[in-house]
Amino acid sequence: MPADAAEEVLLGVDTHKDVHAAAVVTVLGATLDGRSFPATTDGYRQLVAWARSFGILRRAGVECTGSYGAALTRHLGAEGIEVTEVNQPDKAARRRHGKTDAVDAEAAARAVLSGRATATAKTSNGPVEILRLFKLAKASAVKSRTQAVNQLKSVLVSADPALREVLASLTNPHLVKRCAELDDLTTTGPAAAARYTLKLLARRIQHLAEEIDDLNKRIAETVKACAPGLLDAYGVGPDSAAALLIAAGDNPDRLTSEASFAALCGTNPVEQSSGKTQRRRLNRGGDRQANAALYRITLSRLRWDSRTQDYLRRRLTEGKTRREIIRCIKRYVAREIYQLIVPSSTSANSAGPAGAVA
C-alpha cells in the first residue's frame, strides 16, 4: 500500500446543538482518537486541526448535515474535505454496542469507510439555501394568515348583530379591509372588545399578506437566477420549482443521474421480487415536498396540456389505471426537471418517453 494511502484518515462526527462529538479512524479501520468540540467557528477550526494531526484528511462522515451539522458541513467543504451524509447507525449494531456520542461518531466514520454511506451532503451555501429560507418564512406566514382569518370569522360570529349583519356577506378581501377600518368605540364592554379584536386581526392579516407577496417575488427572482429555464417548463410555478431545487441542493452534481433525482423525489419504482414473483412497488420514501411538487405539475399538465392528455388516453386504452398513469407522468416530469437543473448531464440515454408529456 502506498505511503500516502496508509497515512489517510477518516473523520466521523455526531452533531448536536452545542457540542459535536468527533472520531478519527484509519483507512484500515483502527480507531485513533475521539473528542468533543463546541459548535462554534473556533470549535470547527479546532476539530479540523485535531483530525489533520493524525494524517491526511480528505473525507468525513457527518450526521444531520441539514440541521445541527449544516454549519460544520460548510466549514469542512471550505477546507476541501468531502462530506458524506450519514444516517443513524444500524439498529442491530446499536443494540450490540450501545449508544453514546463517541460510539455514534465512530460509526459515522466507519459508515463512510465501508461504503454504507455514499450520499454527498448538500452544501447549503448558495441560492438554493436562500430559497429554503424564503420558503420556510412563507410557510409560517401562510399558516399564521389562515389562523388569523379563521379567528376573525370566529369573533364575527359572536359579535354584535348590527355589526355582524353588515360584515357577514362580504368576501374575505372586502371583509378584511372593512374590519381594518373599524373605529374604536368610546364605551367598554364585549361589543367594543369585539370591534377592537376584529380590527387587530384584520391588520395582522394585511401585514401577513404583504409579507407573503414580498416572499413570492423573492422566490421567483431566486428561482430565475438559479435555474433560468425551470419556470418555462409547462406547469412549473415558483413554489414547485423552489421545492424541487431545494431537494436537489446547491450542488445538484452530487446526483449522478436523472434516476437518482427521481429516487430523491420518491418517484422511482422499487423492486420487490422474490422467488417466482417478479414485481415492483411504489417508492414511498424521498423528499415529500418535491414529490408533491411533481404531483401538482402533473395535474396541471393533465388539465391544460394537450400532449399529456393524449398520453393519458393512450395509456388508458392499454389498460392502465389513472393512478398508474399519474405515477408514470411524475417519473417523466422528474426526468425533465433534472435536465433543467443539471443541463450538462442531459444525454440521449435519459430522453426516453418524456417528450410525450412535456
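This report walks through a predicted model of a protein, from its overall build down to a few single residues.

## The overall build

Let's start with the whole chain. The protein holds 14 helices and seven strands. Its radius of gyration is 27 Å, well over the 21 Å that the globule rule gives for 358 residues, so the protein is more spread out than a compact globule. If you turn the model along its principal axes, the C-alpha trace spans about 90 × 60 × 40 Å.

How do parts of the chain that are apart in sequence meet? Among contacts between residues at least 6 apart in sequence, 59% join residues that are at least 24 apart.

## Surface and charge

Of the 358 residues, 39% count as buried. The protein exposes about 19,400 Å², and carbon and sulfur atoms supply 52% of that area.

Charged side chains come next. There are 52 positive and 38 negative ones in the protein. The centres of these two sets lie 8 Å apart.

Which residues of α10 are buried? They are Ser240, Ala241, Ala242, Ala243, Leu244, Leu245, Ile246, Ala247 and Ala248.

What do these buried residues pack against? Their partners are five helices that you can find by residue number: α6 (127–157), α9 (190–226), α11 (258–264), α12 (288–304) and α14. Just after α10 comes Gly249, which takes a positive phi of about 90°.

## Arg327 on helix α14

One of the helices that α10 packs against, α14, covers residues 322–341 and includes Arg327.

Tyr295 is 32 residues away from Arg327 along the sequence, and the C-alpha atoms of the two are separated by 8.6 Å.

## Cysteines

A search of the whole structure finds zero disulfides. Cys179 is buried, because its relative accessible area of 0% is under the 20% cut-off. Cys64, with 32% relative accessibility, counts as partly exposed.

Where does Cys64 sit? Its place is in the loop between β4 (56–63) and α3. The backbone has a feature to note here too: phi of Cys64 is near 55°, a positive value in a residue other than glycine.

You will find Ser124 in the loop between α5 (101–114) and α6. Ser124 has 13% relative accessibility, which is under 20%, so it counts as buried.

His75 belongs to helix α3, which spans residues 70–78. With a relative accessible area of 16%, under the 20% cut-off, His75 is therefore buried too. Which residues does His75 contact, leaving aside its neighbours within four places in sequence? Those residues are Tyr44, Arg45 and Val48.

Definitions and conventions
Residues numbered from 1 in each chain as written. Predicted model: local features only at pLDDT ≥ 70, side-chain atom pairs only at ≥ 80, totals over all residues. Heavy atoms only, no water. Helix = DSSP H or I, 4+ residues; strand = E, 2+ residues; numbered from the N terminus. Rg over C-alpha atoms; globule rule 2.2 N^0.38 Å. Buried < 20%, exposed > 50% of the residue type's maximum accessible area, 1.4 Å probe, protein only. Contact = heavy atoms within 4.5 Å. Areas by Shrake-Rupley, 256 points an atom, 1.4 Å probe, with all protein chains shown as cover. Lys, Arg positive; Asp, Glu negative; His and termini not counted. Charge placed at Lys NZ, Arg CZ, Asp CG, Glu CD. Disulfide = S-S within 2.5 Å.
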